[in-house]
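Hi,

Here is the structure I promised to pass on to you. Have a look at it first, and then read my notes below.

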Amino acid sequence: MPFTPATPSLFRDVSGQLVFLGTGTSVGVPVVGCVCPTCRSGDLRDSRTRTSVVMGLPGGTLLIDTTPDLRTQLIRERIERVDAVLYTHDHVDHVYGLDDLRPICFAAGRPIPLLCEERVELRIRKAFDYAFSTDPPTGGGVPKVVFERIGLASFDLLGQRVVPLRLRHGPSEVLGFRFGDVAYCTDTNCIPDETWPLLEGLDTLILDCLRPTWHPTHFSLEESLAVAARVNARRTLLVHMGHELGHAATSAVLPAGVELSYDGLSVPLV
Ligand SMILES: [Zn+2]
Ligand SMILES: [Zn+2]
Ligand SMILES: [Zn+2]
């Protein structure tokens, strides 16, 4: 007989799942001041906060990036704890919600590990100088975090093997990550030669796709579809979308096996 708790938890169990906290580009969708069909859409899938996911790994909950929407994302998805944060890169839409980790740190009673490359650590130390000051602000507290440097070597995190994937994002080098047969590749417009072999045999590919037309730092829809076809995962989910990609209209023209993600979507970790 399965055990049934008398009172269901207020919080969500994300074990074995990847949950899309946000799927939008850096300005979010709707875009402030825009009246295009996507920005005025009544379809909830057209409402996109900044791109991020959480994953329920064997040893705890992993958050990838801390977007400026982090607080509302965690509340919306009823996520109560984060055991580690992994960063893709140092752009504002992936970093500037770090302060929203404060209640998570208070509850954990210990610093939250932030795993990132050097450039991300330098950005965070500069942008959140009060959190690292010898004279911290009075009241309210600071996000208590501890940096752990990562590179291109695989590592174990929360009971899961993580394979970093070098990606290019215009002039920047950023990281994607592979967890088993699931890969997360946001904020990229070029997959370097050395990374392609690491994308073989995927079940689920989560892939950057900004808009229909070319962009200097993100894949266009055509470019994303070409990558999806080459990787040939069972399922490809597009993320980091702008308002040029309305959910229903774009979904209608995607090939089999490719879908637009949306805020709140969850997929199994395989
Ligand atoms: Zn971004
Ligand atoms: Zn718009
Ligand atoms: Zn970026």
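**What I found**

Along the chain, the donors of the zinc ion (ligand 2) are spaced as C-x1-C-x2-C-x203-H. Before going further, please note that this is a predicted model, in which local features need pLDDT of at least 70, side-chain atom pairs count only at pLDDT 80 or more, and totals for chains, interfaces and linings use all residues. Residues are numbered from 1 along each chain as its sequence is written, chains are lettered from A and ligands numbered from 1 in the order in which they are written, and side-chain values use heavy atoms, with hydrogens and water left out.

*The zinc sites*

Which residues hold the zinc ion (ligand 2)? Its protein donors are C34 (SG), C36 (SG), C39 (SG) and H243 (ND1), at 2.0 to 2.3 Å. (Donors are N, O and S atoms within 2.8 Å of the metal, or 3.2 Å for Na, K and Ca; water is not among the atoms, so sites may look incomplete.) The angles among these 4 donor atoms are 104 to 113°, and the site is tetrahedral; for four donors, that term asks for all angles between 85 and 135 degrees. C36 and C39 are both buried, meaning under 20% relative accessible area, where exposed is over 50% and partly exposed is in between (1.4 Å probe, protein chains only).

The zinc ion (ligand 1) is coordinated by D93 (OD), H94 (NE2), D187 (OD) and H240 (NE2), at 2.1 to 2.3 Å. Why is the arrangement around the zinc ion (ligand 1) irregular? Because its 4 donor atoms subtend angles of 91 to 162°. Two of the residues at this site, D93 and H94, are worth a look: D93 is buried, with a relative accessible area of 7%, and H94 is buried too, at 0%. D187 also bridges the zinc ion (ligand 1) and the zinc ion (ligand 3), which are 3.5 Å apart.

Strands here are DSSP runs of E with at least two residues, numbered from the N terminus. In strand 2 (residues 52-57), 6 of the 6 residues are buried. One side carries S52, V54 and G56, and the other V53, M55 and L57. In a regular strand, side chains alternate between the two faces of the sheet.

Two strands pair if DSSP finds at least two bridges between them. Strand 1 (residues 17-22) runs antiparallel to strand 2, joined by 4 bridges, with L18 partnered by M55. Strand 3 (residues 60-64) pairs with strand 2 in the antiparallel sense over 5 bridges, and V53 has I64 as its partner there. Strands 2 and 3 form a hairpin with 2 residues between them.

Enjoy exploring!

Notes:
Tetrahedral: all angles 85-135°; square planar, octahedral: opposite > 155°, others 65-115°.
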